[in-house]
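Hello,

Here is the structure I promised to pass on. Please open it and keep it beside you while you read my notes below.

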Amino acid sequence: MSDLNLLSSQKLFDGQHNQYQHQSTATNCTMTFSVYLPPQATAETPVPVLYFLSGLTCTDENFSVKSGAQQWAAKHGIALVMPDTSPRGEDVPDDLEGDYAFGQGAGFYINATQKPWKTHFNMYDYVVSELPKLIEENLPVNDKKSIFGHSMGGHGALVIALRNSKAYHSVSAFSPIVNPIETPWGQKAFYNYLGDHLNSWLPYDTCHLIKQGNNQLPMLIDQGSADDFLEEELLTDNLVDAIKEAKYEATINMRDGYNHSYFFIASFIESHIAFHAKYLK
């Protein structure tokens, strides 16, 4: 545990909810993340891991406090890992206009190639490589993992799973940004982080990856019909079209009357964790 600084620890559903800090080589700054270890997790019985990626403006604490996920993780014997959404700190660049959809709190789970962002904004490498290695070396978990997320985090989870389909057993998302190269949020972030070449954007676009015929893995999507961001930023219909075109097997639920909030996530979190448990256990 020498690489991890324990910030807090709470008993929860007979398991332990811990918050840690560590110095990240991927993001070149101090990163914070939370972990829920279910009561089944011991050195003798390591458990599988489900990673949750949060959306714009969130930290590791939003999902931890609001989702109610820990009770279902305890039931199924699955650890939850909840990273921050971006690098942070005085030395980390931010949007000078205060745009919540860009800069700190909005890492988009990509590896930036443009200055001044490329020194710190490498959340793709952080989630795919550095964080799992740290978790598996220091906590009572095995190497079985799945991933899910919300909004920008849903985008991150889908892209990461599709690009690393042999590393993850399943993927799901709440209200994901599925076609960011066609949205205002995605276009601003990708232009600044990645430059103006479309070819550098495409590997971070779920619809493009599915159309390219990437290896299939179990996928579940829940989207609220009353989501204010549905038509301009999320573009769920584009994902439906891409899945049909590629003959990709996925479940996409349009939930009548639900919006973009954590009330929506809390309403369906049990089904998402049960979905992942089928493939992790």
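Gln19 stands opposite Ser34 in β3. Strands here (E, at least two residues) and helices (H or I, at least four residues) are DSSP runs, numbered from the N terminus. Two strands pair if DSSP finds at least two bridges between them.

Before going on, note that this is a predicted model: local features need pLDDT of at least 70, side-chain atom pairs count only at pLDDT 80 or more, and totals for chains, interfaces and linings use all residues. Residues are numbered from 1 along each chain as its sequence is written, and side-chain values use heavy atoms, with hydrogens and water left out.

**The sheet**

β2 (residues 15–24) is joined to β1 (residues 5–12) by seven bridges, and the two run antiparallel. Leu12 has Gly15 in β2 as its bridge partner. Nine bridges link β2 to β3 (residues 29–37), again antiparallel. Both pairs are hairpins. Two residues separate β1 from β2. Four residues separate β2 from β3, and Asn28 in that turn has a positive phi of about 55°.

Is β2 mostly covered or mostly open? It is mostly covered: seven of its 10 residues are buried. Buried means under 20% relative accessible area, exposed means over 50%, and partly exposed is in between (1.4 Å probe, protein chains only).

Nine strands form an open sheet with mixed pairing, in the order β1-β2-β3-β5-β4-β6-β7-β8-β9. The edges are β1 and β9 (251–255), each pairing on one side only. From one strand to the next, the twist averages 20°. For a parallel pair, look at β4 (residues 47–53) and β5 (residues 79–83), which share three bridges. There, Tyr51 stands opposite Val81 in β5. As background, strands of a sheet pair through backbone hydrogen bonds, either parallel or antiparallel.

**Phe13**

Phe13 sits in the loop between β1 and β2. Its phi is positive, about 50°. With 43% relative accessibility, Phe13 counts as partly exposed. Which residues does Phe13 touch, not counting residues up to four places away in sequence? They are Tyr36, Pro39, Gln70, Gln71 and Ala74. Such a contact means heavy atoms within 4.5 Å. Phe13 is 107 residues from His120 in sequence, and the two are 36 Å apart in space, C-alpha to C-alpha.

**The cores**

A nonpolar core is a set of buried Ala, Val, Leu, Ile, Met, Phe, Trp, Tyr and Cys residues joined through side-chain atoms within 4.5 Å. The largest one has 70 residues, and Phe33, Phe108, Ile135, Ile147, Phe190 and Tyr193 touch the most other members. Helix α3 (residues 123–138) gives the most to this core, with eight residues. A second, separate core has 21 residues, including Phe52, Phe63, Ile269 and Ile273.

Ile147 is worth a click. Not counting residues up to four places away in sequence, its contacts include Leu50, Tyr51, Val127, Ile160, Tyr168 and His276.

**Helix α5**

Which residues of α5 (residues 184–194) are buried? They are Trp185, Gly186, Ala189, Phe190, Tyr193 and Leu194. Seen down the axis of α5, they fall within an arc of 105°, so they line one face of the helix. The arc is that of the directions from the helix axis to the C-beta atoms. What covers these buried residues includes α4 (152–163), α6 (198–201) and α8 (230–234). Gly195 follows α5 and has a positive phi, near 90°.

**The whole chain**

The chain has 10 helices and nine strands. Its radius of gyration is 18 Å, close to the 19 Å that the globule rule gives for 281 residues, so it is as compact as a globular protein of that length. The radius is taken over C-alpha atoms, and the rule is 2.2 Å times the number of residues to the power 0.38. The C-alpha atoms fill a box of roughly 50 × 40 × 35 Å, taken along the principal axes. Buried residues make up 57% of the 281. Among contacts between residues at least 6 apart in sequence, 71% join residues at least 24 apart.

Best wishes

Methods. Axes fitted to C-alpha atoms, helices over the stretch in contact; angles between N-to-C directions.
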